[in-house]
Every structure is written in C-alpha cells, then in structure tokens.
Amino acid sequence: MPAPERIPPRGLTAATDVLEVLAEGELTVRGQVREASNAVLLCSAVLDGRAVDCVYKPVAGERPLWDFPDGTLAEREAAAYAVSEATGWHLVPPTVLREGPYGTGSVQRWIDADPAAPPLLSLVEGDEAGDGWRAVGLAEVGEGRTALLVHADDPRLRRLAVLDAVINNGDRKGGHLLPAGDGALYAIDHGVTFHVDDKLRTLLWGWAGEPLPGEALAVLARLDAELAPGAALATRLEHLITPAELDALRARVTVLRTSGRHPEPSGTWPPIPWPPV
C-alpha cells in the first residue's frame, strides 16, 4: 500500500484539502502531549490517500474553568480559526470541530516550528528594547535580578496582537507562536478566548496605545460586516460561542475601529500570562 500523500502547507487548494481531511479523515492517535493541562493528542487524519498530521483536543479531556463556565475549549479553538480566516491573515492553523476517538473535540493541523527562524521574544539588560524590538515589561530572572522582556517589532506579531484583541485572548504565551519554514507565523492554543469581560493577557503589548495600521483598520471594517446578524461568519460563530459572547465580539471590533488604537492593559486583570512561555 502506498504511503498517504502529505498535504503542502499553503495555497487555497491545499487549504481546502487540509480542512476536508481534518473534518472527514480517519483519526489515528499517535501520541500525547503529557505536559498539557488538558488532553492533547497527536494524531494523523487520513482520507482518500491524503494524510495530515494534527492535534486532537477532546472535550472529554478538558478541565472545567471557573471563569469560563460556558461552552468548551474545543468550540473556542474552532471559533478562533473562523475569525482568523475572516481577517485574511491565516494566523491560526486549519481547525475543525468534529467527532474523534474520544468524542467531540477540536482537530487542528500540526505545525512544525522552524528552529532556524529568528527569535520573536528575548530578555535584554537595561531599560531600552533596542532596534527591531518592542518592550513588554520587566521580568524576574532569578536571584533578585530583572531583565526587560521584549518581542520582535514584526508585522506578523502586530497582526496577531490585533487578532488577540478581537477574540479577547486570555493566554497569549511565547510557546504559542510557531514560525514556519515558509515565513508564515502561526498561533495556537485559543481555548480561553471570547469571554464577555476583558480578559486580554498577552506578551504582545509592544504596540499598546499606538495607532492601528491602515491594514488592521481595513480588516476590522471587514470583520464588522461579516459579524452582522445573518452574515456567514456570524452564523458560523452562533454554533460555537454564546449569544452574549458574539455580541461582546462585535463590541470589541467596534471599540477598536472607533479608537483606532491598539488596546492597553485594563488594570483590572493581570496583563501578562504566567508562565509567559
């Protein structure tokens, strides 16, 4: 029997094929991410001789969260992908909600991070970020010492900062950033998103309070239209998040468009996730 054909990572036809294989392919569990706080299973999805490596997160393996009593992590993972695709930035790997070996869960394409990619985060001495970097804040590095946590002044990260503000991401850590070998940047782990209250916690505060670039404003205008009742994105999200969460999503898009600026920490919620990686 010939080996299944691997799907290339980019291109419209390839992306359509990937979603089809993820949604309809036979899932075979290959391993488990042991250090994850919820069940994360490494799988392959195979359909008609096509194979996609993927991550399956069954709802049955989720630990209840007191501050996210509605919905599931898996539904929010699928919702984050839907919004990411609507932006046209393709920051979240292809993700579907489907039945698997352990029940309903999210299935997301596995992304191999490029080990040769330039770093996106760093710790530097002093109080200046330096050329090509944006300051986040001081971090304890042991023995009473601190260093300045910085992230790259990278347009891909800036797009992601906008997406995180839209979906109200409560857990944007460094380990969730996956630069691929083709130059694309992918972001994973979106189970704690779409809350009705301000929950934004991220390492990407380097643009806080600054004007949004024109590209971002154009994307927000498109999202505004696609989140209108009856529009395709809104209809899709109605099956993944609550009506109150959908209304809050619309409101965040409106606030971002009205202010025209990247959000700043609210002061009512820890702005940086812990641990940061």
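## Basis of the model

Because the model is predicted, local features need pLDDT of at least 70 and side-chain atom pairs count only at pLDDT 80 or more, while totals for chains, interfaces and linings use all residues. Residues are numbered from 1 along each chain as its sequence is written, and side-chain values use heavy atoms, with hydrogens and water left out.

## Overall form

The protein contains six helices and eleven strands, where helices (H or I, at least four residues) and strands (E, at least two) are DSSP runs numbered from the N terminus. Its C-alpha trace spans about 60 × 45 × 35 Å along the principal axes. The radius of gyration is 19 Å, which agrees with the value near 19 Å for a compact globule of 277 residues; this radius is taken over C-alpha atoms, and the globule rule is 2.2 Å times the number of residues to the power 0.38.

Of the 277 residues, 46% are buried, where buried means under 20% relative accessible area, exposed means over 50%, and partly exposed lies in between (1.4 Å probe, protein chains only). Among contacts with a separation of 6 or more, 65% are made by residues 24 or more positions apart, a contact being heavy atoms within 4.5 Å.

## The pair α4 and α6

Helix α4 (residues 214-226) and helix α6 (residues 243-259) have axes that come within 10 Å and cross at roughly 145°; the axes are lines fitted to C-alpha atoms, for helices over the stretch in contact, and angles run from 0 to 180 degrees between N-to-C directions. On the α4 side, Leu-220, Ala-221, Leu-223 and Asp-224 meet Val-253, Thr-254, Leu-256 and Arg-257 of α6. The residues of this contact divide into five nonpolar, one polar and two charged, with Ala, Val, Leu, Ile, Met, Phe, Trp, Tyr, Cys and Pro counted as nonpolar, Asp, Glu, Lys and Arg as charged, and the others, Gly among them, as polar.

## Three loop residues

Ala-231, in the loop between α4 and α5 (232-237), is buried, with a relative accessible area of 18%. Leaving aside neighbours within four places in sequence, Ala-231 is in contact with Ala-225 and Glu-226.

Most residues other than glycine have a negative phi. His-90, however, has a positive phi of about 55°; His-90 lies in the loop between α2 (73-87) and β5 (95-100) and is partly exposed at 32% relative accessibility. Asp-189 has a positive phi of about 65°, sits in the loop between β11 (185-187) and α4, and is partly exposed with a relative accessible area of 28%.
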